[in-house]
Amino acid sequence: MPLRLEEILIAAAMAAMALITFGNVVVRYLTNVSFAFTEEYSVVLMVVVTMIGSSLAVATGRHIRIGVLVDAMSPARWRACEIAALVLVIVCFGILLVHGGRLAWDEYRFEVLSPGLGNPQWLYTGMLPLLSIAVIARAAGRILRLARGEDA
């Protein structure tokens, strides 16, 4: 999947959050009525932005690292540490995938509705395991590139 698609999705989600928030502020200022239900959409969009941003950061090698330690390493040691870090990313997001998937399944099975709008909660919760797959795929792809010596 091209990185440009992830950038477009992040921009669209952030634009939607900005529009929702702006609309809520304008309506509240002009009418003294709040669109409190928009918080549900904003929270889901924040999770989407965070998860897609994580995927993008992993794919481009911009994940969090301690620069002082990394910069002092030889290229071979750096590559080994980078692969080890990406394996840990896969483990972490694998845990999110499993437990987030179980939570979404339980919410689907028990027909849990969201508190503000009454939408099926699993539609929101399902974003976590779905986007965890994207992060795992990006980490696996970067491991392959590092192992072939293509990504430095």
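Helices, taken as H or I runs of at least four residues, and strands, taken as E runs of at least two, are DSSP runs numbered from the N terminus. By that scheme, G118 sits in the loop between α4 and α5. The model described here is predicted. Its chain has six helices and zero strands, in the order α-α-α-α-α-α from the N terminus on. The radius of gyration is 19 Å, well over the 15 Å that the globule rule gives for 152 residues, so the chain is more spread out than a compact globule.

**Overall dimensions and surface**

- Along the principal axes, the C-alpha atoms of the chain fill a box of roughly 60 × 40 × 25 Å.
- Of the 152 residues in the chain, 30% are buried.
- Among contacts in the chain with a separation of 6 or more, 73% are between residues 24 or more positions apart.
- The side chains include 12 positive and 11 negative ones, and the centres of these two sets lie 9 Å apart.

**Nonpolar core**

- In soluble globular proteins, nonpolar side chains tend to be buried together.
- The largest nonpolar core in this model holds 23 residues, of which V48, V58, L86, V89 and F93 touch the most other members.
- The elements that contribute two or more residues to this core are α1 (3–31), α2 (38–60), α4 (75–109) and α6 (127–148).
- Helix α2 gives the most to the core, with eight residues.
- What is V48 in contact with, leaving aside its neighbours within four places in sequence? The contacts of V48 are then A13, M127 and L131.

- Most residues other than glycine have a negative phi.
- E111 has a positive phi of about 55 degrees although it is not a glycine.
- Is E111 buried or exposed? The relative accessibility of E111 is 65%, so this residue counts as exposed, the cut-off being over 50%.
- G118 has a relative accessibility of 33% and therefore counts as partly exposed, because that value lies between the 20% limit for buried and the 50% limit for exposed.
- G118 and F37 are 81 residues apart in sequence, while their C-alpha atoms are 9.9 Å apart in space.

- E7 belongs to helix α1, and its relative accessible area of 36% makes E7 partly exposed.
- How far apart are the C-alpha atoms of E7 and V49? They are separated by 9.8 Å, and the two residues are 42 residues apart along the chain.
- V47 is part of helix α2, and this residue is partly exposed at a relative accessible area of 32%.
- Between V47 and H63, which are 16 residues apart along the chain, the C-alpha separation is 17 Å.

Note on methods: Residues numbered from 1 in each chain as written. Predicted model: local features only at pLDDT ≥ 70, side-chain atom pairs only at ≥ 80, totals over all residues. Heavy atoms only, no water. Core = buried A, V, L, I, M, F, W, Y, C linked by side-chain atoms within 4.5 Å. Buried < 20%, exposed > 50% of the residue type's maximum accessible area, 1.4 Å probe, protein only. Contact = heavy atoms within 4.5 Å. Rg over C-alpha atoms; globule rule 2.2 N^0.38 Å. Lys, Arg positive; Asp, Glu negative; His and termini not counted. Charge placed at Lys NZ, Arg CZ, Asp CG, Glu CD.
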